[in-house]
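I opened a new notebook page for this model. My notes follow the display.

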Number of protein chains: 4
Amino acid sequence: MIPRTDFPFFFPFRVRYAEVDAQGVVFNAHYLTYFDTAVTEYLRWRGYNIWQQAAVSGFDFHTVKSVVEYRAPIQFDDEIEVGVRLGSHGRSSLTWELAIFHQGDDKVLTTGEVVWVYVDMAAHKAARIPEELLTQLG
Amino acid sequence: MIPRTDFPFFFPFRVRYAEVDAQGVVFNAHYLTYFDTAVTEYLRWRGYNIWQQAAVSGFDFHTVKSVVEYRAPIQFDDEIEVGVRLGSHGRSSLTWELAIFHQGDDKVLTTGEVVWVYVDMAAHKAARIPEELLTQLG
Amino acid sequence: MIPRTDFPFFFPFRVRYAEVDAQGVVFNAHYLTYFDTAVTEYLRWRGYNIWQQAAVSGFDFHTVKSVVEYRAPIQFDDEIEVGVRLGSHGRSSLTWELAIFHQGDDKVLTTGEVVWVYVDMAAHKAARIPEELLTQLG
Amino acid sequence: MIPRTDFPFFFPFRVRYAEVDAQGVVFNAHYLTYFDTAVTEYLRWRGYNIWQQAAVSGFDFHTVKSVVEYRAPIQFDDEIEVGVRLGSHGRSSLTWELAIFHQGDDKVLTTGEVVWVYVDMAAHKAARIPEELLTQLG
């Protein structure tokens, strides 16, 4: 489990009423929306506009795998933050490592991973991630 | 309030756990997803493929107004159906009239309206709805 | 249409990728989630904890009507803010008036209303809204 | 990868417009809503009412892990079905194995797992899953 101090970036959320279920806790699917939004903000922080890049370069990232481990419940109105870190990467894939904390608190509420593959959109095939791009992302 | 017998078409739903909130009832925003899905199925029933038509014709419908009146709560696992009827229409707009019932029950749980405007996508302007299209829709 | 300067309170959002549809604009149902979240934050600003109050007092507000008028599209990553104002109120109901703007811009993108009824939860009946509560809310 | 013929139960969905993103494919988080809904229907098929049981017995299942592998895109209006199978289980946990197919087609579009832990709600601790319950579920 990655300690809080090992994340270079955090993005805050306040849990919306629309996101909790009949047990008063965040419904399991919405964690992936938090992850997706937090990675988008991480990319903005690194100066990388993923949508613009895809249009210009003809290469895009596709999500191929998501993992969420729910360790402690998160409730309505909770002020949380999602830590984002670029994890391992191969020739054409990379892994985002994620964790959710209460704001300013070290206890890990959730951990997760999202795996992306770099795709040549014209050829519909996985492609090598350029070295400069990895440097910019991570 | 429109009686059940005045709707020509119904589409069934079973309420998903993901759709209820901390009070165990359907969260207010999801009613508009039920409405949107039910109108899509109504159009399929009338032989009208809205997405295909927009691509071919250069004209599309945009939603300009939604109204929901919540009359009785709807709960997790409830088997409901959404009645759909083409209501009034003007030169370039038309109104969908909607109501939600428990399956096979006359009590009105919800009523609503969704207003669409017919748009010339190239000119970015409202356009006259062709007579044949109105006939097909309703 | 209520001008920007007539709203006492605004709550900001950045549109999430999860909230846009195949046309790249916010899906119509999510506007009600923005409204719901913005009203919650308005209440926090006025020092009113709706969930706590319901538990303590035995009285709660139920949403009985929602209206959204979509005037201009809102896109992925847009920075918007939702203006909230307490509108008219009767013996047992009150109306939230809402509008969406781009941050720092006067153009009205969306207007809306959400109507609440004050309910005696034990008796399952509408109840008179106390004068002090109206003062606190508005 | 589990072949289609190894799933004892399938639940059908038609992809809603509300579920697709700006690329016209199902947004990654909604897969977990499909999984959750399909497992609920599997339990209904086995005669197990999870909500009733929790209220009566004081024991409940909590989701502790979700995994989704996105193998091929799923688009608006696609008619899909989610295969559900009870996988491995330990003293207090069990794993749902899931896969998504187009209706009547063998190609695996998505695979996934959802891990549940059986919880003694009064003691807030994991508990042994009774033998009869495992038999009923699987």
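I take helices (H or I, at least four residues) and strands (E, at least two) as DSSP runs, numbered from the N terminus. With that, I placed A:A18 in the loop between β1 (9–14) and α1 (30–45) of chain A.

I noted that the model is predicted: local features need pLDDT of at least 70, side-chain atom pairs count only at pLDDT 80 or more, and totals for chains, interfaces and linings use all residues. Residues are numbered from 1 along each chain as its sequence is written, while chains are lettered from A and ligands numbered from 1 in the order in which they are written.

**A:A18**

I checked burial next. A residue is buried if 20 or more other C-beta atoms, placed from the backbone, lie within 10 Å of its own. A:A18 is buried because 21 other C-beta atoms lie within 10 Å.

I then looked up its contacts (C-beta atoms, placed from the backbone, within 7 Å). Neighbours within four places in sequence aside, A:A18 is in contact with B:F27, B:A29, C:T33 and C:D36.

I also compared A:A18 with A:H30. They are 12 residues apart in sequence and 9.9 Å apart in space, C-alpha to C-alpha.

**Helix α1 of chain C**

I moved to α1 (residues 30–45) of chain C, which has 16 residues. Its buried residues include C:T33 and C:D36. The buried residues of α1(C) pack against α1 (30–45) of chain B, and against β1 (9–14), β2 (59–70), β3 (79–89), β4 (93–102) and β5 (108–120) of chain C. Just after α1(C), I found C:G47 with a positive phi of about 75°.

**Chains A and B**

Last, I looked at this pair: 9 residues of chain B are in contact with 9 residues of chain A.

Definitions and conventions. Contact = placed C-beta atoms within 7 Å. Expected span 1.5 Å × (residues − 1). Buried ≥ 20, exposed ≤ 12 C-beta atoms within 10 Å, placed from the backbone.
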